[in-house]
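The exercises below are to be worked with the sequence and the model open side by side. Each task is followed by a solution in steps.

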Amino acid sequence: MGLISLLWGIVALLWMIVALIPLLGWGNWFLIPFAAVGAVIAAIGILFTHASKRGRAWTGLVLNGIVVVVGIVRLGLGGGIV
């Protein structure tokens, strides 16, 4: 689960970089739920993984969380459209 959430977070991060381009901010409407699912996968990975192997899941959770926050801020700055 940790590897899946980490890869999911990397894809979300790349998608976020594209959505930061002006006039492509509408991509954040799809990005935020995508990254939220990645965060849920990471949380499940943290719950069901041995304590010594939770590093990837924690990294995925943090990465997806950052993407969600930046996406929300970007939508707020652009008025939800741009």
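## Exercise 1: Overall layout

Among contacts (heavy atoms within 4.5 Å) in the protein between residues at least 6 apart in sequence, 73% join residues at least 24 apart. The model is predicted: local features need pLDDT of at least 70, side-chain atom pairs count only at pLDDT 80 or more, and totals for chains, interfaces and linings use all residues. Residues are numbered from 1 along each chain as its sequence is written, and side-chain values use heavy atoms, with hydrogens and water left out.

Task: state how many helices and strands there are in the protein, and which pattern they follow along the sequence.

Solution. 
1. Helices (H or I, at least four residues) and strands (E, at least two) are taken as DSSP runs, numbered from the N terminus.
2. By that rule the protein has 3 helices and 0 strands.
3. The pattern along the sequence is α-α-α.
4. Along the principal axes, the C-alpha atoms fill a box of roughly 45 × 15 × 15 Å.
5. Of the 82 residues in the protein, 35% are buried; buried means under 20% relative accessible area, exposed over 50%, and partly exposed in between, with a 1.4 Å probe and protein chains only.
6. The protein exposes about 4,900 Å², of which carbon and sulfur atoms supply 83%; accessible areas come from the Shrake-Rupley method with a 1.4 Å probe, and for residues only the protein chains shown count as cover.

## Exercise 2: Helix H2 and its cover

Task: compare the reach of H2 with its expected span, and list which of its residues are buried.

Solution. 
1. The expected span of a helix is 1.5 Å times one less than its number of residues.
2. H2 has 21 residues and reaches 30 Å from its first C-alpha to its last, close to the expected 30 Å.
3. The buried residues of H2 are Asn28, Leu31, Ile32, Ala35, Gly38, Ala39, Ile41, Ala42, Gly45 and Ile46.
4. An α-helix has 3.6 residues a turn, so residues three or four places apart point the same way.
5. H1 and H3 are included in what covers the buried residues of H2.
6. Asn28 belongs to H2 and is buried, with a relative accessible area of 1%. Beyond four places in sequence, Asn28 touches Ala19, Pro33, Gly71, Arg74 and Leu75.
7. Pro33 is also found in H2, but counts as partly exposed at 45% relative accessibility. From Pro33 to Val68, 35 residues away in sequence, the C-alpha distance is 8.1 Å.

## Exercise 3: Surface patch and positive phi

Task: name the residues of the nonpolar surface patch, and say which helix gives the largest share.

Solution. 
1. A patch takes residues with over 30% relative accessible area and no salt bridge, joining like charges within 9 Å and nonpolar side chains (Val, Leu, Ile, Met, Phe, Trp, Tyr) within 5 Å. A salt bridge is a side-chain nitrogen of Lys or Arg within 4 Å of a carboxyl oxygen of Asp or Glu.
2. Met1, Ile4, Val40, Ile44, Leu47 and Phe48 form the patch, with about 640 Å² of accessible area together.
3. Helix H2 (residues 28–48) gives the largest share, 4 residues.
4. Met1 lies in the segment before helix H1 (2–19) and is partly exposed at 46%.

Task: give the value of phi for Leu23 and for Gly79.

Solution. 
1. Leu23 is in the loop between H1 and H2 and counts as exposed at 66% relative accessibility.
2. Phi of Leu23 is near 70°, a positive value in a residue other than glycine.
3. Gly79, which follows H3, has a positive phi near 75°.
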